[in-house]
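Subject: A structure for you to look at

Hello! Here is the structure I promised to pass on to you. Have a look at it first, and then read my notes below.

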Amino acid sequence: MAIHPIPTIIKVDLKKPYHEQPGLHTRWHPEIPFYCKVKPGEVFKVECFDSSGGQVFNTDDADDIKNVNPMGIHCLSGPIEVEGAEPGDLLVMEIQDVQPFPDEPWGYTAIMDPAKSSAFLGDIYPNIQKAIWDFNGIFASSRHIPHVKFPGFIHPGIVGTLPSYEMMNIWKERESKLVEFHASINTPHTVAALPNPEGAYAGQAVSPELAKKIAEEGVRTVPPREHGGNIDIKNLSRGAKAYLPVYVKGAGFSVGDIHFSEGDGEISFCGAIEMHGIITLKLGLIKNGMKDLSIYNPVFLPGPVEAHYGPSRYLTFQGISVDESGKQHFLDVKVAFRQAVLNAIEYLKKFGYSGEQAYLLLSAAPVETRISSIVDIPNSCVSYSIPADIFDFDIMPKEGGPTPQGDMSSTVFPTSK
């Protein structure tokens, strides 16, 4: 039996602006033209920009993060037409491999300007910073966050199908109502990412009229939704499968926002190890699968590739529904998650890390999170587990307190004035 090379059906030029290349787009809209077509069962490769679309560089300052245009993030590769796909089907995506570009073995984690992002701890850590991670095979280490090394769960942050007009309008209506409801207490960008033509790129829409229509009507790629979207599930790595609802003829599958690694929650917004990457995929179909299986939101099956740390080698921090001011909340999981993260950061600061370094580390490393209790009034309990063996020193609690590793904060470079 002849062995054929796996074709690359979408190529990108990392030295050229994404908005000058076909096969890419930055919005979800049913009329974005398909870039290419595959048959169910075909294996193929897709090249992807990092989430910024090439706006971030391998440097020791965070000026690029300061200048990122958030309206142009999530440069996705696609849409890909799947032969025979019809509305109501399930698209079966199988990830066979994900790798960085051979000549781009690096990625980044960042704290963005709170005015441009919805970072989980943006009120506590508003200063713009960036950590570069270097890849050595399956491992990542950083010159900006010393003494850590871990294998990556390499995965796409975004996978999804094109929405129908009906679904897209449902998204816009409900998210607009949410922004309106919170108008008196929150700025719009901290509530939902509403449609905005700035930075929109409609890929193969060569007609100026169609490109303008997509830019004005298309929904942003920031959240996860019923079609998949920005799911940020770290275990959706090599060997994993996803079952995605199909809303338009041909499905219109797109992928991007490749991560070398990510902690549960991706807490700093730009919090995974973002990278340019190449993903190898196989797409299949389950005809009429949405109705037959009652699947109207994506379903995922993690792959067999995972970093293994002994059960006793995770140092786990608890958070409950009491905020840092001492205010009691009722079964609030978000408050509990926040407290668990803050407890972990304060602990890591004892070893010499700055708060920002610990924040970036927990965003990027393979941290495990669980909702441990959601019924014991008035406190939900969240557990937040850090693999102790990613450090080259002992982080376990001991009498006399932690052994400081020296001032490591000088390894992080601020933005220029």
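A contact here means heavy atoms within 4.5 Å. The helices (H or I, at least four residues) and strands (E, at least two) are DSSP runs, numbered from the N terminus. Please keep in mind that this is a predicted model, in which local features need pLDDT of at least 70, side-chain atom pairs count only at pLDDT 80 or more, and totals for chains, interfaces and linings use all residues. Residues are numbered from 1 along each chain as its sequence is written, and side-chain values use heavy atoms, with hydrogens and water left out.

Let's start with helix H5. It covers residues 333-349, which makes 17 residues, and it reaches 24 Å from its first C-alpha to its last, close to the 24 Å expected at 1.5 Å a residue (the expected span is 1.5 Å times one less than the number of residues). At the start of H5, a side-chain oxygen of Asp-332 comes to within 3.0 Å of the backbone nitrogen of Lys-334.

Is H5 mostly covered or mostly open? It is mostly covered, with 12 of its 17 residues buried. Buried means under 20% relative accessible area, exposed means over 50%, and partly exposed is in between (1.4 Å probe, protein chains only). Among the buried residues are Val-335, Phe-337, Leu-342 and Tyr-347. Their cover includes strand E19 (314-320), helix H6 (355-364), strand E20 (368-373) and strand E21 (381-387).

Arg-338 is buried, with a relative accessible area of 14%. Its side chain makes a polar contact with the side chain of Glu-324 (2.6 Å). A polar contact is a pair of N or O atoms within 3.5 Å; within protein, one must be able to donate a hydrogen and the other to accept it, and residues adjacent in sequence count only if both atoms are side-chain atoms. Leaving aside neighbours within four places in sequence, Arg-338 is also in contact with residues including Phe-120, Leu-121 and Asp-123.

Now for the sheet. Three strands form an open sheet in the order E19-E21-E20, with antiparallel pairing (two strands pair if DSSP finds at least two bridges between them). E19 and E20 are the edge strands, each pairing on one side only. Five bridges join E20 to E21, and Ile-371 stands opposite Val-382 in E21. H5 packs on this sheet, touching E19, E20 and E21, and its direction makes about 135° with that of E19. For such angles, axes are lines fitted to C-alpha atoms, for helices over the stretch in contact, and angles run from 0 to 180 degrees between N-to-C directions.

In the loop between E20 and E21 you will find Val-375. At 62% relative accessibility, Val-375 counts as exposed. Its C-alpha is separated by 7.4 Å from that of Leu-331, 44 residues apart along the chain.

Finally, the cysteines. How many disulfides does a search of the whole structure find? It finds zero, where a disulfide is a pair of cysteine sulfur atoms within 2.5 Å. The closest cysteine sulfur to that of Cys-36 is in Cys-48, 12 Å away, which is too far for a bond. For Cys-75, the closest cysteine sulfur is again in Cys-48, at 8.6 Å, also too far. Cys-75 is buried, with a relative accessible area of 0%.

Enjoy exploring!
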